[in-house]
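Here is a short report on one protein chain. Please look over the sequence and the structure before reading on.

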Amino acid sequence: MKLNFQKFALYLILLFVAFSCESNNKAEVNHKTEEFERHLSCDAETQVVKGKNKFFLASDSSLLSGGWLQSDEEAHSGIYSVKVGGKSKYAFQVKFPEIQRDMFIRATVWKKGNGGLLAFTSLDVLKFDEYGTQVLEKDSSGWEKIILEAFVPANFSGEEIKLFVMNQKEEMVYFDDLELKVYKSKPYPEYSEMENIDLIIDEDDLNEIDQNRIISFQEGVITSNTQQSYSAVFKYGKNEFPAEVRIKGDWLDHIQGNKWSFRIKLLEGNFKGMKEFSIQEPGTRGFLNEYVLHQLFIKEDVLTTRYGFVPVKINGAGRGIYAYEEHFAKHLIESRRRREGPIIKFDERALWDINQKNLERKEKFISGPAVESAVIMPFKKGKTIKNKTLEGNFLIAQNLLRQYQFDASPVSELFKIDQLARFYALVNL
């Protein structure tokens with residue numbers, strides 16, 4: 001492969017630093033106007049005795065569990081921390097008497113020791129749990145600051161959810177300086193100096209999507225009802241086009257909180273040469289990981305979609321940075337200097353049926369022949385079937401892929417083996 005990795009790596013680092021600096025500067029500006037539903041901190045210094053139990057006093061006067069685990073052996077600030085492990089696995093437990101669906105929480109805590117994490121979980125019916133171990137920063141004495149960010153599920157109806165620190169190992173871990181912020185909805189930076197996509201969607205349609213989201217959260221995956229199409233207006237810069245939009249994705253990370261993933265079909269005009277594309281929260285695609293892979297594919301002439309980042313607004317309200325990705329249509333092929341032809345896929349329906357069944361099972365997960373049973377379908381099925389040339393090409397491609405599906409012929413007879421090898425090498429890399 002003719003890759004200059006040093007230059008490419010330097011480019012990615014500079015890109016990442018630019019985004020990080022910009023986001024950090026904007027976050028500082030927004031922090032001054034942040035509106036919290038709740039904001040507390042706890043430094044493990046002050047104990048409160050209530051009955052036979054000892055609690056920690058938080059800055060908002062609430063009582064957090066684990067006061068009897070106070071220790072002066074280690075401290076990030078002050079004199080004390082909370083020592084967790086062995087038979088005492090949990091501490092700093094916060095209760096939420098007035099929490100509502102789609103609220104957003106951001107919690108950080110300093111910890112010292114191997115293991116330990118932040119947890120935000122329900123007890124039973126909601127089957128909800130989020131864990132935080134990502135390290136934000138470290139100090140010279142071995143303390144690490146970890147973060148947990150999570151949305152209250154859309155189908156929340158009052159079940160108790162708790163935030164706490166935990167360590168299930170025998171080896172002790174120390175926690176100190178917990179901070180919690182609860183927002184009615186997640187705040188996003190404004191990118192007023194950049195061109196934003198602004199999707200204008202009727203409020204009644206947004207409300208219908210929201211109600212269908214609740215059903216998806218109850219099912220555990222995004223349902224077909226949630227993926228209905230709606231009319232919209234697509235604005236970008238000075239351009240304004242009629243469009244159709246729908247929720248896209250399979251897992252619930254595409255419809256968390258107030259930042260939803262959309263498939264967009266422009267009825268007129270184009271966006272960066274694309275008529276149909278998706279916008280999604282970058283975390284659903286591994287943040288910069290997916291972008292790097294696309295750049296490698298382009299450099300090695302492996303057929304791939306257009307991919308990048310853009311700020312997005314919904315009805316004028318900022319939703320932060322999205323990742324955009326081209327959908328599978330003829331413009332994809334033509335932009336990569338190939339002739340128009342059918343794009344085919346394995347239908348994933350069986351896989352998602354199995355995944356949904358497993359969400360309902362507490363043990364003994366089932367598996368099935370998801371690949372062997374998958375139907376080979378074309379994207380743009382209607383257009384493909386109506387065009388005799390495309391239909392004929394599809395039948396040839398379907399036959400070749402079916403031979404691959406059942407290992408009926410050598411791979412070298414079915415694919416352009418050099419390009420397939422590049423693809424696998426880059427994916428493994």
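Which residues does Phe120 touch, leaving aside those up to four places away in sequence? The model is predicted. In it, Phe120 touches Phe96, Ile99, Ile105, Phe128, Asp129, Glu130, Leu148, Ala150, Val152, Ile161, Lys162 and Leu163.

## Overall build

The protein has 429 residues, and 43% of them count as buried. Its secondary structure comprises eight helices and 23 strands. The C-alpha trace spans about 80 × 50 × 45 Å along its principal axes.

Taking contacts between residues at least 6 apart, 67% join residues at least 24 apart. The protein exposes about 23,800 Å². Carbon and sulfur atoms supply 50% of that area.

The largest nonpolar core has 35 residues. Phe120 is among those with the most contacts inside this core, along with Leu64, Phe92, Leu118, Leu163 and Leu180. Eight strands are listed as giving at least two residues each: β1 (38-42), β6 (81-84), β7 (90-95), β8 (104-112), β9 (117-122), β12 (144-151), β13 (161-166) and β14 (173-183). Strand β14 gives the most, with five residues.

Three strands form an open sheet in the order β2-β3-β4. Their pairing is antiparallel. In general, strands of a sheet pair through backbone hydrogen bonds. The edge strands here are β2 (47-50) and β4 (63-64), and each pairs on one side only.

Strand β3 covers residues 53-57, and two bridges join β3 to β4. Leu57 stands opposite Leu63, which belongs to β4.

## A nonpolar surface patch

Tyr404, Val411, Ile417, Phe423, Tyr424 and Val427 make a nonpolar patch of about 470 Å². Helix α8 (residues 417-428) provides the largest share of the patch, four residues.

Phe423 is found in helix α8. Is Phe423 buried or partly exposed? Phe423 has a relative accessible area of 33%, so it counts as partly exposed. The cut-off for buried is under 20%, and for exposed over 50%. Patch residues need over 30% relative accessible area, and Phe423, at 33%, is one of the residues that make the patch.

How values were computed
Residues numbered from 1 in each chain as written. Predicted model: local features only at pLDDT ≥ 70, side-chain atom pairs only at ≥ 80, totals over all residues. Heavy atoms only, no water. Core = buried A, V, L, I, M, F, W, Y, C linked by side-chain atoms within 4.5 Å. Buried < 20%, exposed > 50% of the residue type's maximum accessible area, 1.4 Å probe, protein only. Contact = heavy atoms within 4.5 Å. Patch = residues over 30% accessible without salt bridge, like charges linked within 9 Å, V, L, I, M, F, W, Y side chains within 5 Å. Areas by Shrake-Rupley, 256 points an atom, 1.4 Å probe, with all protein chains shown as cover. Salt bridge = Lys/Arg side-chain N within 4 Å of Asp/Glu carboxyl O. Pairing = 2+ DSSP bridges.
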